[in-house]
Amino acid sequence: MRITRRDTAALAFAALMAGPMRGHAATPGLMVRSDGQPQSLDPHQVFDVPMMGYSLNAYDGLYRYQDNPAVLRPWLAESHTASADGLDWEFKLRAGVKFHDGTALTADDVVYSFRRVLALGKAPASAFLPILKPDSITAPDAQTVRFKLERAYGPFLAAIPIVAIVNAKLVQANVKDGDHGAAWLSSNEAGSGAYAFVAGSLTPAERLDLQRFAGHFMGWADNPSPVERVAMRTARETSTGVLGLMNGSIDWTDSYLPTDQVEQIQSSRAARVEKHSSLRTFIIRMNNARAPFNNANYRRAMAHAFNYDGFITEILKGYADRNTGPMPNPLWGAPKDAAGYSYDLDKARAFVKAAQAEGVNTRQPIRIHIQSQLEQTNQAAQLFQSDLQSIGINLRIVADTWANIVTATAKPETSPDMWIHWVSTYFVDPENWVGQMYDSRFHGTWKASSFYKNPEVDALLGRARDLVRQEERAPLYEQATRKIMEDCADIWVYNTVELRGVSNRLSNYRFCPAGGGAELRWLQLKG
Amino acid sequence: MLVFRKFLRDIPAVIGAAIVLLVVFLAIFGPWIAPYPQDASASHLLRRLRPPSLDFPFGTDNLGRDIFSRVILGARGALKVSLVVVGLAMAIGVPLGLIAGYNRGWLSEAIMRVTDVFLALPQLILALALAQLMGPSVESAMLALSLTYWPFFTRIVHAETARLRNALFVDALQGIGAGTPRILFLHILPNALSPIIVRATIGLGFTILVAAVLGFLGMGATPPDPDWGLAVAQSRTYLPNAWWFATFPGLAILLAVLGFNLLGDGLRDLVDPRLRRSR
Amino acid sequence: MAGFVLRRMLLVLPSLFGLLVVTFLLIRTIPADPAVALAGDNATPAQIAAIRESYGLDQPLPVQFLRYLRGVARLDFGESQYSGRPVALDIAQRLPATLELTFAALVIAIGLGIPLGVVAAMHHNRWPDFLLRIGSVAGIAVAAFWLAIMLQMLFAMKLGWLPLRGQLSAGLTPPAGPTGFLLTDCLLAGRFDLFLDAARHLVLPAVTLSLGGLATITRFTRAGVLDTLQKDFVTYERAVGFPRGRLIWVYVLRNSVVATVTQIGLLFGGLMAGAVVVESIYDWPGIGSYTVQAILTADSKVMLAVTLLIGLIYAAVNILTDVVHALIDPRLRESR
C-alpha cells in the first residue's frame with residue numbers, strides 16, 4: 001500500500017519534470033512578446049511606448065511613420081491638402097477599409113475618434129487641445145475629413161498619427177454614463193489594424209493575445225509567412241524576458257535592453273539583438289530655477305564633468321551615439337554646427353572657479369534622482385559621482401521612481417536638483433524635444449522640468465510652432481537650440497541605439513523611431 | 001555557569017552565536033578587513049563582471065567592484081538597520097506592553113486593540129507603501145519597519161506583565177508604597193526580559209531579511225551602498241552569465257539571518273521552562 | 001457554539017475599522033500624484049488639474065475617506081488610477097491565482113513539514129535533529145527573492161526542466177471558467193494537457209513560497225511531538241511494549257498536531273505577504289505582483305484595497321483558528 005502511494009508520487013513527479021527537455025517547443029505561428037502591455041487598451045486614454053506597441057498593430061491612423069529615418073506615409077488617408085495659412089486641412093480616405101467586426105471605416109469614424117480624444121482630454125489630446133475644437137472637425141462626405149484649426153500649428157501633420165481611429169458605432173454602443181465608452185474600450189478593442197485583440201485573453205498588465213486580421217486593408221501579399229498569433233506576456237523585469245529569449249520561451253523583448261545583455265544574447269543560437277539608431281535622447285536634468293543650478297557657469301562645470309565617452313564606450317559598449325544637444329542629431333532643426341560640451345575636468349574646474357567668483361556655494365552637496373528600476377540611470381549617476389568628487393563637488397544619489405519624480409516636477413521647489421531620463425519619439429517633430437522641454441509655458445510638466453526660462457527662446461519656439469513649412473521652422477529651432485546649449489540648461493548625453501532581443505524564428509524586422517519597431521505586420525515567422 | 005554549559009551543548013545555537021559574532025565583527029572592522037575597501041563607492045569600468053579568482057574571491061560586479069569586499073562592507077549596513085529597527089520597535093512596544101499589562105481598564109483595552117490593528121496589517125506591504133511615501137532610502141525603510149514591528153513586543157510584554165501583575169512581590173511592592181513606574185521598570189521589566197531578548201534576537205534576523213527585500217524592490221538602500229538585497233536586484237541584468245554576482249550577496253543574507261535565528265532559538269530553549277522540561 | 005462564533009466576529013469589527021483608518025491615512029498621503037501619471041507624457045498643467053478634480057483628489061481627506069468607506073461597504077474600491085479599471089474587478093480576476101499558489105505552498109509545507117518534524121523529534125539532540133533544525137531555520141532565513149532567482153537559473157535555464165515564468169505556456173489557451181482557479185478549471189474541462197502544463201508552472205513558485213512555512217511547521221511539529229513524548233500515556237504504552245513506529249506516527253502525532261494547526265492558520269497570512277515577492281519574480285498573475293506594481297506606480301486605491309483584503313483574510317483565518325480550537329477544547333468556549 002505504502003509502496004504504491006510512493007510510486008504514484010514518483011510518477012507524478014516524473015511527469016512534471018519530464019516536459020520537453022529544452023523548455024519549449026515553439027508553437028507554430030505563435031510569437032511571444034515579453035514587453036509590457038499598455039496600462040489601458042484604450043488608445044485615446046494612454047499614449048506611450050507600450051501603447052504604441054499595441055496600437056500600431058490593433059489600430060490604424062490617418063498617417064503612419066515608417067522606416068528609419070522615419071517617413072510619414074499615407075495610411076487610412078490617401079492624401080491630404082492644407083491651405084496656405086495652415087488653418088484648413090482636408091484628408092481623403094482610402095476606400096474599402098473594414099474594421100475587425102466587418103463594418104466599413106468612414107469619415108464619421110475619423111471625426112468621432114478625434115472628437116473623442118478631445119473629450120477625454122488625456123495623453124494623446126495635448127497636441128490638439130490648444131488648436132482644435134470638436135465642431136471644427138467635420139465629414140462633408142464618407143471619404144473626406146476636414147479640420148479647421150484655431151491657429152496655425154507647425155507640428156499638426158506630424159501629430160496626426162497619434163490618433164488611432166476607432167469604430168464609432170461599436171464604441172457608442174458601449175457608452176455608460178456618458179463616459180465615451182472609456183470603461184469598455186480599456187479592456188476591449190474597436191480597431192481595423194493588422195492584428196485583432198482576442199476577446200477574453202486579457203489579464204491587465206499580464207497577458208493579452210492578438211490574432212492576425214486577414215481582412216486588413218493593406219493586404220498580406222507582401223508577407224508570405226506572417227505571424228498568426230501574438231501572445232503578449234509581460235515580463236516585469238527585462239532580465240526575465242532575456243532569460244526567456246535564451247531558453248526559447250519568448251521571441252521578442254522590450255527595446256530597452258541593457259547593453260550587457262547584448263553579448264549574452266548574441267552568443268546564444270536562439271536569438272539576436274536588433275540594433276537601430278533611434279530618436280530617443282538620454283538627459284541629465286538640472287533644476288535651473290534653484291541654486292546652485294541657477295548659475296550658468298556652475299551648470300557648464302557639471303556638463304564638462306560627465307565622462308560621455310567612458311559611459312558610451314565602456315558601459316553602453318558603444319550602443320549609443322553621442323548627442324551633444326537636446327535634439328536628436330538626425331532630426332531636422334538640430335544645429336549641425338553646435339559643438340556642445342566635452343568631458344574635460346580642467347575646464348570643469350575652471351567653471352567651478354568662475355561660479356565661485358559669482359558667489360555660488362559649490363561646497364553644498366547636490367542630489368541626483370535615479371529611476372531605481374532602470375539600471376542605466378544608476379550607472380550614469382555613479383560614474384558622474386566619482387568624477388564630481390575629483391573636482392570637489394559632492395553628489396548624492398537618490399533612488400526614486402518614475403511616479404514620484406513626475407509628481408515632484410510639478411513645481412520648481414519640489415523638483416529634484418538633478419534627475420535622469422529619456423525623451424522618446426511621440427511624434428517626429430522638434431516640438432517633441434526642444435519645443436516641450438524648454439518653452440516656459442510647459443513648466444509643471446516633467447518634460448520641462450529643468451525650469452529653464454529665456455524669453456528669447458520662448459519667442460523663437462512660439463513662432464516655430466505657429467508656422468507650417470519645415471523650411472521656415474527649421475532655422476528657428478536651430479537658433480533656439482543653440483541658445484539653450486549655450487546656457488547649458490541640461491546635460492545632454494546620447495541618442496539611443498534601441499536594442500531589442502528578437503528570436504531567430506523572426507525575420508524582416510523593420511524599425512521606426514516612432515513605436516520602436518513594434519509594428520508586427522512585416523515580421524516573417526518560421527516554424 | 002550551568003546555563004552557559006547547557007548552551008554550549010546546543011550545537012545549532014553555538015553555530016548561530018558564532019555567525020552572529022562574525023557578522024558583528026565584520027560590521028565593526030569591515031573597512032579594515034575588506035581587500036578593496038574603496039569599492040564601497042569607487043567604480044572600475046575596466047574590470048567589470050570578472051568571475052571569481054584569487055584576486056576577487058567572489059568576482060566583480062557590473063561596475064568592476066570586488067564583490068567579496070562589498071559583501072563584507074554590507075554587514076555594517078545590515079546590522080545598523082536591524083539594530084535601529086528593533087531598538088525603535090522596542091522603545092515603542094515595550095512601554096506600551098507594560099502599561100497595557102499593568103492597567104486593567106479601558107487604557108489597556110485601547111492599547112491592545114490598536115496593537116491588534118497593527119498586527120493585522122501586512123507588514124511587508126505597509127513597509128513598501130511607507131517607503132514609497134517617504135521616498136526610497138535606508139532611513140524611510142528603517143522607520144517603516146519599526147512602525148510595523150513594535151506590536152510584537154507589545155504583545156509579549158503585555159502577556160508577561162499581566163502574568164506578573166498578580167505575583168506576590170508586586171503586591172508586596174504596592175504594599176510598601178512603590179510607585180507604578182518604579183514597579184514596572186525596575187521590577188516587572190527585568191522579569192519579562194528573557195522573552196524580550198529572544199524576540200529581539202529573532203527580530204534582528206527578520207529585519208535584515210525584510211530590509212533586504214525592500215532593497216531588492218528598490219525601496220530601501222540606494223546605490224552605491226554595498227547593500228546585499230540591492231546587489232541581488234542589480235545582478236539580475238547580468239544573469240545567467242555572471243552567476244557569482246547574484247549568488248554571494250544572497251548567501252550573505254542567508255548566513256546572517258540564519259545566525260540570528262539559530263541563536264534566538266537556542267536562547268528560547270534556555271529560557272522557556274516548558275521546553276526545558278522536554279529535554 | 002454559534003454564539004461564540006458570532007461574538008468572535010463582532011470583536012473583529014473595531015479592528016477592521018481601525019485597519020481602514022490607519023491604511024487610509026498612511027497611504028492616502030503618498031506624495032506621488034496619480035493625476036500627473038494619468039495625464040500622460042505631454043500633458044499641460046491645466047489638464048492635470050482637470051483630471052485631479054474628476055477623480056476627487058482635490059477634496060479634503062475626511063471627505064475622501066467617507067467616500068471610500070461608502071464604496072468599501074458596497075465592495076467598490078474605486079478605479080485603479082493606473083489602468084482606470086475597477087480595482088474590485090482586477091482583484092477578483094487575480095485572487096484565484098494567488099490562492100492557488102498559496103494553497104500549493106501550504107500543501108508542500110504540511111506534507112513535508114510534519115514528517116520532518118517527527119523525524120527530528122525522534123532523533124532528538126542527535127545529528128538528524130541538528131541538521132533538520134539548522135535546515136528549517138535556513139528555510140526561514142533564506143531570502144525568497146534570491147532563492148527564486150537561483151531556482152530559475154538551475155531548473156529553467158541550466159537544466160531546462162521547468163518553465164521560467166508565468167502560469168501557463170503562451171501557446172495554450174486557458175479554459176474560460178467556471179471557478180477561475182486554473183488547475184481546477186483544467187480538470188473540470190477534462191484538459192489534462194493544460195493541467196500538466198499549469199502544474200509545471202506552479203512548481204517553482206510554490207516551492208519558493210513554501211519554504212518559510214515548511215520550516216515553521218517542522219519546528220512546531222518537532223516541539224509538539226517532544227512535548228507529547230513526555231506524557232504519561234506514552235511512557236505507559238512504551239512500557240507495555242507498543243510498536244514504536246505506530247506509537248509515534250499515530251498516537252503521539254495525533255496528540256501533538258494541535259499547536260501545528262494553529263500555526264497553519266497564522267501561516268496563511270505570512271504566505272499572502274510572501275506572495276508579493278515570489279509572484280513578481282515569477283510573473284505570477286496574482287495579487288502579489290498587482291501589489292508591487294501598485295506600489296511602484298503609487299496607485300493608492302489598489303494599495304488600500306490589497307491591504308484591506310489581506311487584513312480581512314488575516315482576521316478570517318484568526319476567527320477560524322479560534323473556532324477550531326474551541327471545537328477541540330470546549331473549555332475555551334467558556335473562558336471567552
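**Exercise 1. In the predicted model, find the strand order and the edge strands of the open sheet of chain A that contains S4.**

Solution. 
Step 1. This open sheet has four strands, and reading across it gives the order S4-S5-S7-S6 in chain A. The pairing is antiparallel.
Step 2. Strand S4 (77-82) and strand S6 (137-141) of chain A pair on one side only, which makes them the edge strands.
Step 3. From one strand to the next, the twist averages 20°.
Step 4. Take one pair in detail: S4(A) and strand S5 (residues 88-93) of chain A are joined by five bridges in the antiparallel sense. Within this pair, Ala82(A) has Trp89(A) of S5(A) as its bridge partner.
Step 5. Helix H3 (residues 107-120) of chain A lies across S5, S6 and strand S7 (144-148) of chain A, and its direction makes an angle of about 175° with S6(A).

**Exercise 2. Explain why S1 and S8 of chain A each have one side without a neighbour in their sheet.**

Solution. 
Step 1. Write down the order of this open, four-stranded sheet: S1-S10-S9-S8 in chain A, with mixed pairing.
Step 2. Strand S1 (30-33) and strand S8 (195-197) of chain A are at the edges and have a single partner strand each, so one side of each has no neighbour in the sheet.
Step 3. Neighbouring strands here are turned by 25° against each other on average, with direction ignored.
Step 4. Look at the partner of S1(A). Strand S10 (residues 229-233) of chain A runs parallel to S1(A) and is joined to S1(A) by four bridges. Val32(A) stands opposite Ala231(A) of S10(A).
Step 5. Helix H2 (residues 49-58) of chain A lies across S8 and strand S9 (207-212) of chain A, at about 110° to S8(A).

**Exercise 3. Describe how domain 1 and domain 3 of chain A are placed and what classes of residue domain 1 brings to their contact.**

Solution. 
Step 1. Chain A is divided into domain 1 (5-56 + 190-271 + 501-525), domain 2 (63-171) and domain 3 (277-497).
Step 2. The C-alpha centres of domain 1 and domain 3 of chain A are 34 Å apart.
Step 3. In the contact, eight residues of domain 1 of chain A meet twelve residues of domain 3 of chain A.
Step 4. Sort the domain 1 side by class: six residues are nonpolar, two are polar and none is charged.

**Exercise 4. Determine which element of chain A gives the most to the side that touches chain B.**

Solution. 
Step 1. The contact involves 22 residues of chain A and 18 residues of chain B.
Step 2. Elements of chain A that each supply at least two residues to this side include helix H7 (238-247), helix H12 (375-390) and strand S14 (395-400).
Step 3. H12(A) gives the most, with five residues.
Step 4. By class, the chain A side has seven nonpolar, ten polar and five charged residues.

**Exercise 5. Describe the packing of H7 against H9 in chain C.**

Solution. 
Step 1. H7(C) and helix H9 (residues 192-229) of chain C pack at about 145°, and their axes are 10 Å apart. The crossing is right-handed.
Step 2. Residues of H7(C) in the contact include Leu147(C), Leu151(C) and Phe155(C), while those of H9(C) include Leu204(C) and Leu211(C).
Step 3. By class, the contact has eight nonpolar, two polar and no charged residues.

Note on methods. Residues numbered from 1 in each chain as written. Chains lettered and ligands numbered in written order. Predicted model: local features only at pLDDT ≥ 70, side-chain atom pairs only at ≥ 80, totals over all residues. Pairing = 2+ DSSP bridges. Axes fitted to C-alpha atoms, helices over the stretch in contact; angles between N-to-C directions. Contact = placed C-beta atoms within 7 Å. Nonpolar A, V, L, I, M, F, W, Y, C, P; charged D, E, K, R; others polar. Domains from an automatic or database assignment. Left-handed = near helix turned anticlockwise from the far one by under 90°.
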